[in-house]
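Dear colleague,

I am handing over the structure below, and I would be grateful if you could look through it alongside these notes. The findings follow directly after it.

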Amino acid sequence: MMLTRRRSFLLLATSAALLASVLVYLYLMSKADESDTYAQARDLIRQIKQNDSQWENEILKARTTINYNYDPLVSPLVEMKQLWRAFDNIEAHHRHAATPAWRAAYADYQQALEDKSRWVERFKSHNAILRNSLAFLPTAADGIQVQLGQLDATDTLRLHSIATDTYDLMLSSLEFAQMTTDDKAADILVGLNKLAVNKERLPAEFHGPIDILSNHIALILREQPRVNQLLEQIEAVAVAERLDTITQMLDRDERAALLIDQRYHFYLLVFSTLLMLLLLYMAVCLLRSFSEINRVNRALMGANDELEQRVERRTLALTQASTALQREIDERTLLESQLVQSEKLASLGQLAAGVAHEVNNPIGFVSSNLGALDDYFSRLQDMLKAYRQAEIAIDPATLSASLATLRTEIELDYILDDIPLLIRESKDGISRVGQIVKDLKDFSRVDSNQDWQWANLQQGIESTLNIVASELKYKADLVKAYAPLPEVECLPSQINQVIMNLVVNAAQAMGPQRGTITLRSGCEGEQVWIEVADNGCGIPADSLQKIFDPFYTTKPVGQGTGLGLSLSYGIIKRHRGEIHVLSEVGVGTTFRIELPVHQTRAA
Amino acid sequence: MPIARSLRQLGAVLALLPAVALAQTVGGPLSPLPPVPELAAERVELGRRLFNDPRLSSDNSLSCASCHRLDQGGADNLPLSPGFDGKPLPVNTPSVFNASLNARQFWDGRAQTLEEQAHLVVQSPAEMGSDWQVVVRRIADDPDYRAGFARAYDQGVDEHNVQNALATFQRTLLTPGSRFDRYLQGDTAILSTDEKYGYQRFQEYGCIACHQGVNIGGNMLQKFGVLGDYFKDRGNPTPADLGRFNVTGDEEDRHVFKVPSLRNVAVTAPYFHDGSAATLEAAVDVMFRYQLGRTPSDEDKALIIQFLKTLTGQWQGKPL
Ligand SMILES: Nc1ncnc2c1ncn2[C@@H]1O[C@H](COP(=O)(O)OP(=O)(O)OP(=O)(O)O)[C@@H](O)[C@H]1O
Ligand SMILES: [Mg+2]
């Protein structure tokens, strides 16, 4: 129990953790809304590109400005490197660097930037001295010119040609700076040679300035193509294109990431829906377990109560034991008295049966004698009639008169009339005695054992009614409303006892006025029923449940024992039947017994 | 001479054409120093202590400050400073002042950042002769440093943070307030006429072609001996004379050096990578001869030197 609970707790905890982590994972994956970082990354690349073009602008400026501040040629690179570091940091997020395409793009950019900065570095060096020399050129040529002017004009034509040559050379050099061609370079070389030749023809104080001039022109000749070449190289470096490639890759990756993002969003949605359902389910479970807990609590409280009750009960047990003992004693008494009652009835039946048996013989011959007597008498009458008619003929009249007198004295006519009557009445009486005897026999069933048998209840009812007829006679009229009954499997003498008891009770319930007792019977399927209804005093409601109790009686001592209904109840129960009572005080009482046709006795 | 004059004019026009096309930026090619940046005080302090800490050298003999003496213009006055083993280093010690404004570090420009510079100096067999594992361990063993680094950096003492602390400190080593900067900032009366002429000559002769920008140099590489072979004339060639060639191996970089800043130039003698010029005059002479290919008048030279002296700035409120 303990183990499974711990295990289930562990299981719950792990699954909760699992669900939570899946949720967090999905949330992070879908939350990893990278459009922000993509926008940042793109912005950084854009800034790098801006710096790059600014850089190129500055290069353009540097190649045309004489005294140029080269700081703006340094700062874009520093800036670009910083921006790239920031970009790299963001990109570390995207974990792109791992793919070959990205590695290549990175490497291409880095290489381009390295190339460009190398060329720019060179450009700075070469451009600075080139610009310086170009700026100095007119001054240098001027200086020579001024010096030439100060010479004594011994050979003006030659001086003039030297001056022109020098200017030509200077101009060619300046032109060369604008249009760097091999022709111009050749021109300059020619010019330089001329200047060298001229130098030899000029006094020594010219040598220095001319050397300086030709040095600077030589420098221009050397540096200008170099600067041009560097500019071409710089231009050829495709930093911007590399950055464009990266931007395109960013766009592409962002689109892909967006797709993935959307997918995770969808997953998240599905998952959270599932989770919600799970939560709902768990809520239901929780509610259920709450009610379970409540139930257990109640049970616990019940158990507590029970404990208390048990103590009470224990103390009660003793008193109850004594009560039970008392009850047992009571029951014994009841049983005994019931036994006595049934014994009484049984012996009464036995007695009746014995009497009936003994009376049967005399009844037999009395009734047959009476029959014979009746026959004899009718024949005797005929004889007497004949005698009478003969009497007229008899003489002496005295005889006939004495006969007539005698006849009058003995009231022969009356006798003759009365005798058949008496005989008839005797016949009636004897047949009644026979009936009574038969009924007695039927009632007690001495002729059969107390065994279950199929019996005609109607017959039993009739016999019983005959037995109690005397008791009924002055009290009530009997109304019979029978429906034909099938034979019922029963203990007939006992059922008779029940009927008798009910009829006697009904009779006893009558007041001074004559009442009516109605007997009904009927059959419903496997059940038969018999009703004994009277219009006697009725039973008050509060007594109704007591009437079947043994010894409950409202009758004066000696008349009622209070065992009748209790016995009847027992008998009906033995027959698996029912006995009901319906009563209203002042209106009457109806007892109804229902009996099964078949006794399906198990044992 | 009408022809000559007209030609002259044409030449001037041609020379000026580009300049006209793109006007000179306002303020000219020189600009004043920016204010000292406000950096994390704890890191600056750590850097200051490290800068003065000899534990950075293998035998605890040299600190950064041994050569870069802040009371001597951010360098020492030796042509070649001794390394941790006492042997002279291959090149002259440049000033640490305003070094953060240089586009590159070292004479040959082999480091692009101060962090890189610190990294290379510590493990250079000639300079500190140490290695970073040792340095970091020594610093981490010091409870003060440990606590300080723990406060200033998330990762505490490590190589990167030690270098960063040193660089951070050096970024505060600016020397604003030079008379020339104040002139640039609008206080035109602060320079004497001669000094102003000196600035004009400085521009006219083309010194400014290379010594420009906020640091008046430091943002460009240049061949030493554009218009003359300095090294042949000087003699005793050393490997260090190859300059940037030692870094790139490119013929074109032979004798190429970083153009040094001229800020505080008056107080950072001797000059050049070889420390060969003991005085400003000597240095200016070399520059005219080998870089500008011109011979200035004595007057112009003097004016230029006067101008150069206006470039001396202040540190901690005092002129260097
Ligand atoms: N039909 C009836 N009408 C009114 N009261 C009745 C009727 N039947 C029975 N009772 C009441 O029920 C009581 C119990 O009847 P029960 O037959 O058990 O005993 P008893 O008739 O009093 O005595 P006994 O033992 O002689 O039958 C009666 O005393 C009477 O009060
Ligand atoms: Mg009774």
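Which residue in strand 7 of chain A is the bridge partner of His580(A)? In this model, which is predicted, the partner is Arg592(A).

As for chain A as a whole, it contains 14 helices and seven strands, and of its 603 residues 37% are buried. When contacts in chain A between residues at least 6 apart in sequence are considered, 77% of them join residues that are at least 24 apart.

The interface between the two chains comes next. Chain A contributes 34 residues to the contact and chain B contributes 40 residues, and between them the chains bury about 3,400 Å², with 57% of that area on carbon and sulfur atoms. Five salt bridges are found across the interface of chain A and chain B, and one of the salt bridges is formed by the side chains of Arg122(A) and Asp250(B), at 3.0 Å from N to O. Across the interface of chain A and chain B there are also 15 residue pairs in polar contact, with both residues at pLDDT 80 or more.

On the side of chain A that touches chain B, at least two residues each come from helix 2 (35-64), helix 3 (71-94), helix 4 (100-150), helix 5 (156-178) and helix 7 (207-236) of chain A. Helix 4 of chain A gives the most to this side, with 11 residues, and by class the side of chain A that touches chain B has 15 nonpolar, 10 polar and nine charged residues.

Is Asn98(B) buried or exposed? Its relative accessible area is 0%, so Asn98(B) counts as buried. Leaving aside residues up to four places away in sequence, Asn98(B) touches Leu33(B), Leu173(B), Leu174(B), Thr175(B), Asn215(B), Arg263(B) and Asn264(B).

With kind regards

Terms used
Residues are numbered from 1 along each chain as its sequence is written. Chains are lettered from A and ligands numbered from 1 in the order in which they are written. This is a predicted model: local features need pLDDT of at least 70, side-chain atom pairs count only at pLDDT 80 or more; totals for chains, interfaces and linings use all residues. Side-chain values use heavy atoms; hydrogens and water are left out. Contact means heavy atoms within 4.5 Å. Buried area is the accessible area (1.4 Å probe) that two parts lose on being put together, summed over both. A salt bridge is a side-chain nitrogen of Lys or Arg within 4 Å of a carboxyl oxygen of Asp or Glu. A polar contact is a pair of N or O atoms within 3.5 Å; within protein, one must be able to donate a hydrogen and the other to accept it, and residues adjacent in sequence count only if both atoms are side-chain atoms. Helices (H or I, at least four residues) and strands (E, at least two) are DSSP runs, numbered from the N terminus. Ala, Val, Leu, Ile, Met, Phe, Trp, Tyr, Cys and Pro count as nonpolar, Asp, Glu, Lys and Arg as charged, and the others, Gly among them, as polar. Two strands pair if DSSP finds at least two bridges between them. Buried means under 20% relative accessible area, exposed over 50%, partly exposed in between (1.4 Å probe, protein chains only).
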